[in-house]
Amino acid sequence: MNIISEYAFATEALMSEIMIVSAEVTRLREIAAATGPRPTDGVNVQSGGGSDRTGGSAIKIVDMERQLVRTGAELSEVIQLMQEAIRTLPSPKERTVLSLKYISRLTHEDIAGLIGKSERQEYRIHQAAVSHLNQRSGEPRVRALRKKCQNVMECHCMADRPAVL
């Protein structure tokens, strides 16, 4: 697998995990709001006197929010490593195209418009940049990116791992 494929796979896995966990946090908050203690229930709200189910949901929400922070930090680290790897390329055009594609997440069509080239010309620049980046696999910044992406794939993409912890 080339470095770009590894990066794309790792970032997609992390973003997918963030979306799944965020949706679950929202769902749990809605359930907690609907089933939580109300002042008219005769429950002392200030003492935190909700049911065990509500308390369990609150703990799960906190744990999942911590997971979101960790996953977001990991995604930021992968993106930062990609930016550093892109900076190793000698061609400003190649650096620009890869940054727009993999950091800003633009389409080839949008990038072509921004750099004033045809989509075909932009794609050739992209392919050359990918090739040059793969040739730099011995460069410390590229090695760091590859190692981090492989770690993400091992930790976040195992089939037997539940989507939500």
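Let's start with Tyr7. Setting aside neighbours within four places in sequence, Tyr7 is in contact with Val78, Ile79, Met82, Tyr102, Ile103, Leu145 and Cys149. Keep in mind that this is a predicted model.

Now widen the view. The largest nonpolar core has 21 residues. Tyr7 is among those that touch the most other members, along with Ile4, Val78, Met82, Leu98, Leu133 and Leu145. Which elements give two or more residues to this core? They are α1 (3-35), α2 (52-86), α3 (92-103), α5 (119-135) and α6 (140-156). Helix α2 gives the largest share, six residues.

As background, nonpolar side chains in soluble globular proteins tend to be buried together.

On to charges. How many salt bridges does the structure hold? Eight.

First pair: Glu6 and Arg146. Their side chains meet at 2.8 Å, N to O. Is Glu6 buried or exposed? Buried, because its relative accessibility is 5%, and the cut-off for buried is under 20%.

Next, Glu12 and Arg105. This salt bridge comes in at 2.6 Å, N to O. Glu12 is in helix α1, while Arg105 is in the loop between α3 and α4 (108-115). The two are 93 residues apart, so again the pair links distant parts of the chain. Both ends are partly exposed: Glu12 has a relative accessible area of 41%, and Arg105 is at 46%.

Then Arg29 and Glu65. The closest N and O atoms in this salt bridge are 1.8 Å apart. Arg29 belongs to helix α1 and Glu65 to helix α2, so the pair joins parts 36 residues apart in sequence. Arg29 is partly exposed at 44% relative accessibility. Glu65 is partly exposed too, with a relative accessible area of 27%.

Last, the network. Salt bridges link Glu74, Glu77 and Lys148. Look at Glu74, in helix α2. Its relative accessible area is 14%, so Glu74 counts as buried. What is Glu74 in contact with, leaving aside neighbours within four places in sequence? Leu14, Lys148, Val152 and His156. Lys148, then, is both a contact of Glu74 and a member of the network.

Note on methods:
Residues numbered from 1 in each chain as written. Predicted model: local features only at pLDDT ≥ 70, side-chain atom pairs only at ≥ 80, totals over all residues. Heavy atoms only, no water. Core = buried A, V, L, I, M, F, W, Y, C linked by side-chain atoms within 4.5 Å. Buried < 20%, exposed > 50% of the residue type's maximum accessible area, 1.4 Å probe, protein only. Helix = DSSP H or I, 4+ residues; strand = E, 2+ residues; numbered from the N terminus. Contact = heavy atoms within 4.5 Å. Salt bridge = Lys/Arg side-chain N within 4 Å of Asp/Glu carboxyl O.
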